[in-house]
Amino acid sequence: MSNKIFPVLFPIYDMINVGNKEGYKRSLNARRKKIMDEMRNNPNITQEELVKIIGIKSTAIEDNIKFLKENEYIERKGSKKTGYWMGYFD
């Protein structure tokens, strides 16, 4: 038996369909998937409610929402108080 070393690659991007488009997006971890699930179930959910439901600090929620926005998984429609979350959910 030989002692050869070979690399193992893990994808950090997923192929997704968004409307009529296909493209690659950064993979979501379990926490970001949970945030998106909560937004899907309640598009009017606030960051404060996400803090209580998911059990992490508000800065962590903000960072995850920032990631989801920058990678075009979600977008906010309307104002902070009266708006809602729109997502590109599978």
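Setting aside neighbours within four places in sequence, Arg32 is in contact (heavy atoms within 4.5 Å) with Asn64, Phe67 and Leu68. Arg32 itself belongs to helix H1, residues 30–41, where helices are DSSP runs of H or I with at least four residues, numbered from the N terminus. This is a predicted model, in which local features need pLDDT of at least 70 and side-chain atom pairs count only at pLDDT 80 or more, while totals for chains, interfaces and linings use all residues. Residues are numbered from 1 along each chain as its sequence is written, and side-chain values use heavy atoms, with hydrogens and water left out.

**Arg32**
- Arg32 is buried (under 20% relative accessible area, with exposed meaning over 50% and partly exposed in between, for a 1.4 Å probe and protein chains only), yet Arg32 has no salt bridge.
- A salt bridge would need a side-chain nitrogen of Lys or Arg within 4 Å of a carboxyl oxygen of Asp or Glu, whereas the nearest side chain of opposite charge, Asp63, is 7.8 Å away.

**Helix H3**
- In H3, the buried residues include Asn64, Phe67 and Leu68, together with Ala60, Ile61 and Ile65.
- They cover an arc of only 155° around the axis (taken from the directions from the helix axis to the C-beta atoms), which puts them on the same side of H3.
- On the other side of H3, Asp63 and Glu70 are exposed.

**Confidence**
- The mean pLDDT (the predictor's confidence in each residue, from 0 to 100) of the protein chain is 79, and 69% of its residues reach 70 or more.
- Where pLDDT is low, the predicted coordinates should not be read in detail.

Note on methods: Helix = DSSP H or I, 4+ residues; strand = E, 2+ residues; numbered from the N terminus. Lys, Arg positive; Asp, Glu negative; His and termini not counted.
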